[in-house]
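Have a look at it first, and then we will go through its parts.

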Amino acid sequence: MFYVTMFFQYMSQYMKTRLEYRADLVVEMISDLLNQTVNLVFILVVFGHTQFLSGWSRDEIIFIYGFFLIPFALFSSFFNIWDFNERYIVKGEMDRILTRPIHSLFQVILERMELESLFGVVTGLVIVMYAGTSLNLSINWYDPFLFILFAIGGALAYAAIFIAIASIGFWSDAKTSIMPMMYNIGNYGRYPVDIYNKVIRFLLTWVLPFAFVGVYPAAYFLGKKEWYAFSFATPLIGIIFFMLAILIWNKGVRKYRGAGN
Amino acid sequence: MNNAIEVSQLRKEFKSYSSRTGLKGAFRDLLTRNYKIVPAVNDINFTVKQGEMVAYIGENGAGKSTTIKMLTGILEPTSGKLRVNGMNPHREREKFTRTIGVVFGQRSQLWWDIAVQESFRLLKKVYKVSDEQYNEHMGHVIKTLDIGPLLDKPVRKLSLGQRMRCELAAALIHNPPLLFLDEPTIGLDVLVKLKIREFLKEINEKYNTTILLTTHDLGDIEALCNRVVMLDEGKIVYDGELDALKNNWAEEKEIHFQFMNHVNLSELNSLPLQFSTDWEYDEKNQTYIANIKGEDENISQLISAVVSHFKIKDVKIHETSIEEIVRNIYEKGMN
């Protein structure tokens, strides 16, 4: 309960700061929107000529892409920790975090949230609805709930990977390029995994579960029965990986060396 | 009376990597790196009673910050026992941090972009302080530290002195029984220093707050602390009263003279005085330095003797700094 209150306290603080810099906010929203449009145009151009890609139609791929945007937006709004190593470990901000009575990861998340990214949810929904209408998908009453559940599961899986990687900073504060690399690998989750070879498919499912962010949960709504098991595993995978990531984080905090040593 | 801090055989080791020379060495470093285990804090013991004000001093790199970071739950000790406010700081971190206040002079605890009062408001929620408690306690703190007019400014627009006063207020929002201050007066001007010292004395008297502070400023210690714990190379080299420390190790005072005319060292040495004085000549600054021991009265005797015999241009009385005391102890050893 305390954590919920704290979440809203930090959020209102965040809004206040954001509203003070109105110009920045507008610029950021516009660039975000542009980014989404470019991505969409790319998809349309690439898949405009090929109607099928190992059994997936153009609209299905667009649907997956649209779905992917939603957990990704949730992830980028609340787990904006790609610069954790530099900001908190090298500069020693972690010292401050650790002298406050809230779980350290939760504090970092609260301090770094970037709610503008939630805009991506809207873009994602628009794309999903557009693709869904052209595919004439039927909607059951429980589908919206599953949609939310799968989106959250996907966001948790995505977050778990980045939390685990951020935790590396506790052991070694050397600069690594793993973070940007992960963002690239993360993008593979937005295409059907069966277009990749087996090793990559295995990797994207069980090691870096990016496939659970896009293609697996989306497969359910597309009625791809052969993937249903994976679709329904999405929330579970999200929670398991997220808990593992928190374990790694907690272990890392014990190894924290502090700045200036 | 309860002990606020109990430390026994506390130790913190860091791995320190050393690189080999040359290109060949660099390649070998890729495979196996040489490292030494360096104890930053080396099996130290001390206790601090509730309500005590203790200065924790030592040269840079002596292990002060590392100890403070272990005491505040930031770092986990390598070995040893540590109980602060009856808890294990690192293991019970979230519960523990409610009972301490922390000010790191070099690093802000406040949010950079938001107004000071917004930071306070958020911290009030973080520490679950009720409105009545907050108004009663913080109203007083804000008045004493004279930060009322700063409250609606963002932290980044404050001067260092203004910021430090706000930091101190922020650390006291939950009125903690134990306060850690790491270089709280570094870089501040005299007036702000005085204000902060006054304030710390006041809260110590009012709430029996335990204060552990690190500082390079002897003035801070003289104004606040009866007890000094001195650290050198990770070991405690002195734990006791400040006066005893000063009498034993800062006994020599330096008085610097510059004269209008040329003066010989032998003339200075033959001045009629009841105590022994060592004279040195510093050629670079054209300054004669008198090292004297014993009572403070000797200073005025010396100065009056010198003034009555020679025409002087400048006189300076040099205060022994903590660094010099530490160096003295280090060179001559304890005892």
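**A sheet, a helix and a contact**

In chain B, 3 strands make an open sheet, with the order β2-β1-β4 and antiparallel pairing. Strands here are DSSP runs of E with at least two residues, helices are runs of H or I with at least four residues, and both are numbered from the N terminus. Two strands pair if DSSP finds at least two bridges between them. This is a predicted model, where local features need pLDDT of at least 70, side-chain atom pairs count only at pLDDT 80 or more, and totals for chains, interfaces and linings use all residues. Residues are numbered from 1 along each chain as its sequence is written, while chains are lettered from A and ligands numbered from 1 in the order in which they are written.

β2 (34-49) and β4 (79-84) of chain B are the edge strands, each pairing on one side only. From one strand to the next, the twist averages 25°; angles run from 0 to 180 degrees between N-to-C directions, and axes are lines fitted to C-alpha atoms, for helices over the stretch in contact.

Strand β1 (residues 3-18) of chain B pairs with β4(B) over 5 bridges, in the antiparallel sense. Which residue in β4(B) is the bridge partner of Glu6(B)? The partner is Arg83(B).

Across β1, β2 and β4 of chain B lies helix α2 (residues 64-71) of chain B, running at about 125° to β1(B).

Finally, look where the chains meet. Chain A gives 20 residues to the contact and chain B gives 24 residues, where contact requires C-beta atoms, placed from the backbone, to lie within 7 Å. On the side of chain A that touches chain B, α1(A) gives the most, with 6 residues.

Notes:
Contact = placed C-beta atoms within 7 Å.
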